[in-house]
Amino acid sequence: MDLPLFEALNQAIVPAAGPAVVSHGILVFVLAPDELLPTVRQLRDVHGFDIFLDVTAVDWIGQEPRFEVVHHFYSTVHKARVRLKLRVPESDPSVDSLVPLYGSAAFMERECHDMYGIRFRGNADLRPILLYEGFVGHPLRKDYPKQQEQPLVPYRS
Amino acid sequence: MYARTVPIVPASHQKDGAFEYLTTRKDELIGWARKFSIFPYPFVTACCAMEFMAVSASPYDTDRFGAALPRFSPRQADLLMVVGTVTHKQAPILLKVYEQMCEPKWVMAFGVCATSGGFYQNYAALPGIDKVIPVDIYIPGCPPRPEMVIDGIMQLQEKIAGSRHLIVNDRF
């Protein structure tokens, strides 16, 4: 945990939702959807966060906005991690893609689109990566029936 | 425990250096030859592969049952060993591999995932490969002990030896 770095980041990046907090050694920012790209660009270009670790989502079913998209970044300079969280509604679950900034984001955004149906604006290739063509729905959404199968081969009777 | 199907030497036979002979039935002879000539094709997808390696290696040694040499083309194999979890995405590949094998062919479901899906019951896993292809022998366990695999191979051998062999006909 690098506290001077975290204090500097908190001075430099102040999202509308308030300052970041440290959770399990990771600095956590809560952002509005339109704050994502400027924040990530600043993290990468100014503060040396050169590795995009993952993007995933959380389905807070029953809450509004329903989905929380979570990005993780790592800095090989500072050996520190940052997490960005933002909420998107079920009616339009789309956020900006990070492919222009981190090429490695392409596959992880495809997986997140598979599992949660988050649309990433700017990612031109959102074909299924872990699922298959023809799969209906998004299996890690909480309202996907737990035992629903979509077999590709017809079952023997 | 297992039926004796080896060729039988008559009890009155004296080993005196003269012409030695044995009597058997044609179908028993063919069955005896076939059951020690299993050519497995390992369709290995998951962690059961470790146990497959253990049972193939010298301490347990499936070569004693004539089932040692894995064929790496299904067209040369007659035993399809499905070792590990098969997903819905994998099922068309499994079916294609099975359909490429020549008759006669047998299928072994190795481990509980191939048998029934095991503890997977979700959007991804196929609940048992017998939903897609016919299975001759099921080996439960997560993973199965090598002894269970050998027991399964021996039961399959009995099934092979006791089955009807199409090459035994009136012209044979």
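Student: What is the place of B:Phe43 in chain B?
Tutor: B:Phe43 belongs to strand 1 of chain B. Bear in mind throughout that this is a predicted model.

Student: Is B:Phe43 buried or exposed?
Tutor: B:Phe43 is buried. There are 23 other C-beta atoms within 10 Å of B:Phe43, and the cut-off for buried is 20 or more.

Student: Which residues is B:Phe43 in contact with, leaving aside its neighbours within four places in sequence?
Tutor: The contacts of B:Phe43 are then B:Leu80, B:Met81, B:Val82, B:Val83, B:Leu94 and B:Val97.

Student: And how many residues apart in sequence are B:Phe43 and B:Gly84?
Tutor: B:Phe43 and B:Gly84 are 41 residues apart in sequence, and their C-alpha atoms are 8.2 Å apart in space.

Student: Now the sheet. In what order do the four strands of chain B come?
Tutor: The order is 1-2-3-4, in an open sheet with parallel pairing. Strand 1 and strand 4 (137-139) of chain B are at the edges with a single partner strand each, so each has one side without a neighbour in the sheet. From one strand to the next the twist averages 20°.

Student: How many bridges are there between strand 1 and strand 2 of chain B?
Tutor: Strand 1 and strand 2 of chain B are paired by five bridges, in the parallel sense. Opposite B:Pro40 is B:Leu79 in strand 2 of chain B.

Student: What does B:Leu79 stand opposite in strand 3 of chain B?
Tutor: B:Leu79 stands opposite B:Trp106 there. Strand 2 and strand 3 of chain B run parallel and are joined by five bridges.

Student: Why is strand 3 of chain B described as largely enclosed?
Tutor: Five of the five residues of strand 3 of chain B are buried, so the rest of the structure largely encloses this strand. On one side the buried residues are B:Trp106, B:Met108 and B:Phe110, and on the other they are B:Val107 and B:Ala109.

Student: Which strands does helix 5 of chain B lie across?
Tutor: Helix 5 of chain B lies across strand 3 and strand 4 of chain B, at about 170° to strand 4.

Student: On to helix 2 of chain B. Which of its residues are buried?
Tutor: In helix 2 of chain B, residues 48-56, the buried ones are B:Cys48, B:Glu51, B:Phe52 and B:Val55. Viewed down the axis of helix 2 of chain B, they fall within an arc of 105°, so they line one face of the helix. An α-helix has 3.6 residues a turn, so residues three or four places apart point the same way.

Student: What covers the buried residues of helix 2 of chain B?
Tutor: The cover includes strand 1 (40-44), strand 2 (79-83), strand 3 (106-110) and helix 5 (146-162) of chain B.

Student: Zooming out, what pattern does chain B follow along the sequence?
Tutor: Chain B reads α-β-α-β-α-β-α-β-α, with five helices and four strands. Of its 172 residues, 32% count as buried.

Student: And what pattern do the elements of chain A run in?
Tutor: From the N terminus on, chain A goes α-β-β-α-β-β-β-β-α-β. That comes to three helices and seven strands. Buried residues make up 27% of the 157 residues in chain A. The C-alpha trace of chain A spans about 65 × 30 × 25 Å along its principal axes.

Student: What about helix 2 of chain A, which residues are buried there?
Tutor: A:Leu36, A:Thr39, A:Val40 and A:Leu43 are the buried residues of helix 2 of chain A, which covers residues 36-45. Their arc around the axis is only 95°, which puts them on the same side of helix 2 of chain A. A:Pro38 and A:Asp45, on the other side of helix 2 of chain A, are exposed.

Student: Which strands of chain A are included in the cover over those buried residues?
Tutor: Strand 2 (26-31), strand 4 (67-75), strand 5 (80-88) and strand 6 (94-96) of chain A are included.

Student: Last topic, the interface. How many residues of chain B are in contact with chain A?
Tutor: Ten residues of chain B are in contact with twelve residues of chain A. On the chain B side, five are nonpolar, three polar and two charged.

Student: What ipTM does the predictor give the complex?
Tutor: The ipTM is 0.81 and the pTM is 0.82. For chain B the mean pLDDT is 86, with 87% of its residues reaching 70 or more.

Methods: Residues are numbered from 1 along each chain as its sequence is written. Chains are lettered from A and ligands numbered from 1 in the order in which they are written. This is a predicted model: local features need pLDDT of at least 70, side-chain atom pairs count only at pLDDT 80 or more; totals for chains, interfaces and linings use all residues. Helices (H or I, at least four residues) and strands (E, at least two) are DSSP runs, numbered from the N terminus. A residue is buried if 20 or more other C-beta atoms lie within 10 Å of its own, exposed if 12 or fewer, and partly exposed in between; C-beta atoms are placed from the backbone. Two residues are in contact if their C-beta atoms, placed from the backbone, lie within 7 Å. Ala, Val, Leu, Ile, Met, Phe, Trp, Tyr, Cys and Pro count as nonpolar, Asp, Glu, Lys and Arg as charged, and the others, Gly among them, as polar. pLDDT is the predictor's confidence in each residue, from 0 to 100. The arc is that of the directions from the helix axis to the C-beta atoms. Two strands pair if DSSP finds at least two bridges between them. Axes are lines fitted to C-alpha atoms, for helices over the stretch in contact, and angles run from 0 to 180 degrees between N-to-C directions.
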